[in-house]
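Hi there,

Here is the structure I promised to pass on to you. Have a look at it first, and my notes follow below.

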Amino acid sequence: MDVNKTLQQLYEERKRLDMAIAGLEARQRTLAKIASTPRRGRKSMSEEERRAVSLRMAKYWEARKAAQSVAEPPDAPAANGGKVSE
């Protein structure tokens, strides 16, 4: 058994392991850095703000529905899918 050859192989394996460990540690540092930065996103709304938005949207949809019913007469051909019966 050649001790020098075995030592050489073990040193090469240790070098590969050190490189793999260094890569994993670098990745871990990167992930930790990303996780520590504050997330950008939507601001949470208070109950008051949600209520105001809800009322505003209810008025919007009421106005839109009223405008749509005025623009479209009740006996329009759209009632039967837009087809003209023969």
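E47 and R50 are 3 residues apart in helix α2 (residues 47-71), so about one helical turn separates them. Helices here are DSSP runs of H or I with at least four residues, strands are runs of E with at least two, and both are numbered from the N terminus. The two side chains form a salt bridge, with the closest N and O atoms 3.2 Å apart; the term stands for a side-chain nitrogen of Lys or Arg within 4 Å of a carboxyl oxygen of Asp or Glu. R51 also forms a salt bridge with E47, at 3.8 Å between the closest N and O atoms, and these two residues lie 4 apart in α2, again about one turn. Through shared partners, E47, R50 and R51 join into one network. The structure holds 2 salt bridges.

How exposed is E47? Its relative accessibility is 47%, which counts as partly exposed (buried is under 20% relative accessible area, exposed over 50%, partly exposed in between, with a 1.4 Å probe and protein chains only). R50 is partly exposed at 41%, and R51 is partly exposed at 48%.

Before you read on, please note that this is a predicted model: local features need pLDDT of at least 70, side-chain atom pairs count only at pLDDT 80 or more, and totals for chains, interfaces and linings use all residues. Residues are numbered from 1 along each chain as its sequence is written, and side-chain values use heavy atoms, leaving out hydrogens and water.

Now the other helix. The 34 residues of α1 should span 50 Å at 1.5 Å a residue, and the end C-alpha atoms are 48 Å apart, which agrees (the expected span is 1.5 Å times one less than the number of residues). Y11 lies in α1 (residues 3-36) and is partly exposed, at 49% relative accessible area.

There is also 1 aromatic pair in the whole structure. Y60 and W61 sit edge-to-face, 4.9 Å centre to centre with 75 degrees between the planes; rings of Phe, Tyr and Trp (its six-membered ring) pair if their centres lie within 6.5 Å, and planes under 30 degrees apart count as stacked, over 60 as edge-to-face and the rest as tilted. Y60 is partly exposed at 39%, and so is W61 at 48%.

Finally, the overall picture: the protein chain has 2 helices and 0 strands, and 1% of its 86 residues count as buried.

Best wishes
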